[in-house]
Amino acid sequence: MNILKYIPVCGLILACSDVLALEFKQVQANESSVTFSYKQMGVPMEGKFNKFTAQLAFDPAKVAAAQARIDINVASIDTGSMEANDEVVGKLWFNAKTYPAASFVSTGLKALGGNRYEATGKLSIKGRTLEMKAPVTFQAAGNRGAFDGSFTLKRLDFAIGEGEWTDIGTVANEIQIKFHLVVNAALSKK
Amino acid sequence: MNLPNITRYNNTAITLHWLVALLIFAAFPLGVYMHELSLSPTKLQLYSYHKWIGITVLLLAVQRVVWRATHTPPALPDNLPRWQKIASHATHQLLYVLLFVVPLSGWLMSSAKGYKTVWLGILQLPDLVSKNKTLGELLSNVHASLNYLLLALVVLHIAAVLKHRLIDRDDVMTRMLPIGDRK
């Protein structure tokens, strides 16, 4: 909590931002989440990944330099039912044995005004990598910040669901991914 | 009752009866079959069809009760023994109850297991209970038990019809037939 001592000081000394910057980089894994939703026979379904790691470096004053990397343990998926959990780690879906991790590695962050940003990056799942764009909001209170974003991927682009599961009339092709990352800031010298 | 002329159910009642019968004869074996399947698109489809049929039965059951409350059904033959009349009314009342509680128990089970019900893939029904594994398993047993009770009553219902037709040789069966020997 040392940081709290600096904040009022920075408020008084306008020039301090040239010297010190708040960089959000300590991801609080147990407060963060990666969830997904999709439709199955027209029925909205939700799930989440229980295990993932995230590395972030975000200085609101230097947006273009922001970096993010999220690695998801695909076997930690929770679709809401044991039967489906067993199925989706299998070869036709994630093939978790061969491809245990899915990752998102940022390639850029653009400020869209206010607390809105657009993140671009490479999404890799099951050995396939595609460029992705995701709108992100960032909200900070003191030295705590939260990133919230979502994007939609087409599961067949990553061969998630092969064979009989390519039938998108049953399990929809569009999967919405939502992430909520809670990040603590550390002071860094410029 | 001073209505000796009613010898048949009207077309609305006949249509509702046979529609519900047809749907139950489809949904029951479907339910028995689908839950043994391993996960596949077919299984997901069959579950949805089963649920759509169930909700349809529930909607038709409402209409049947409305019909029953606003109409007088044809009377049973006068010469029928008293205990058979009582048995007949009891069976029919229980069948009406099951037309509601069987689909309702399925809907509740689905909610408790974390699956919403979207009728015909269009109309999303509310979850009347929230996701709860223990409750889901309990309701699964309730749904199955109620269905076997329904099966037993349908067998009794059909046996009684055949008894009227083949032994009593009265018109109890024809009053619910859409076609055939009308009086």
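UniProt positions are given here in the numbering of this model, with feature names shortened, and such annotations may be inferred rather than shown by experiment. The unreviewed UniProt entry annotates residues 12–32, 90–109 and 146–166 of chain B as "transmembrane region". This is a predicted model, in which local features need pLDDT of at least 70, side-chain atom pairs count only at pLDDT 80 or more, and totals for chains, interfaces and linings use all residues. Residues are numbered from 1 along each chain as its sequence is written, and chains are lettered from A and ligands numbered from 1 in the order in which they are written.

**Annotated spans of chain B**
- Residues 12–32 of chain B are 100% helix and 0% strand, with the end C-alpha atoms 30 Å apart; helices (H or I, at least four residues) and strands (E, at least two) are DSSP runs, numbered from the N terminus.
- Residues 146–166 of chain B are likewise 100% helix and 0% strand, and their end C-alpha atoms lie 30 Å apart.

**Helix packing in chain B**
- Helix α1 (residues 11–34) and α2 of chain B have axes that come within 9 Å and cross at roughly 150°; axes are lines fitted to C-alpha atoms, for helices over the stretch in contact, and angles run from 0 to 180 degrees between N-to-C directions.
- α1(B) and α2(B) are therefore roughly antiparallel (angles over 145 degrees count as such).
- The contact of α1(B) with α2(B) has 17 nonpolar, 6 polar and 2 charged residues; Ala, Val, Leu, Ile, Met, Phe, Trp, Tyr, Cys and Pro count as nonpolar, Asp, Glu, Lys and Arg as charged, and the others, Gly among them, as polar.
- α2(B) packs on helix α3 (residues 82–112) of chain B at about 145°, with the axes 9 Å apart.
- Residues of α2(B) in this contact include B:Lys51, B:Gly54 and B:Arg64, and those of α3(B) include B:Tyr96, B:Phe100 and B:Ser110; two residues are in contact if their C-beta atoms, placed from the backbone, lie within 7 Å.
- By class, the α2(B)–α3(B) contact has 10 nonpolar, 3 polar and 2 charged residues.

**Contact between the chains**
- Chain A gives 14 residues to the contact and chain B gives 12 residues.
- On the chain B side, helix α2 (residues 41–70) gives the most, with 4 residues.
- That side of chain B has 6 nonpolar, 5 polar and 1 charged residues.

**Strands of chain A**
- Strands β5 (residues 67–73) and β7 (residues 101–113) of chain A run antiparallel and are joined by 5 bridges; strands pair if DSSP finds at least two bridges between them.
- A:Asp71 has A:Ser103 in β7(A) as its bridge partner.
- β7(A) also pairs with strand β8 (residues 116–125) of chain A, in the antiparallel sense over 9 bridges.
- The hairpin of β7(A) and β8(A) has 2 residues between the strands, and A:Gly114 takes a positive phi near 65° there.

Key
Parallel < 35°, antiparallel > 145°, perpendicular 65-115°, else oblique.
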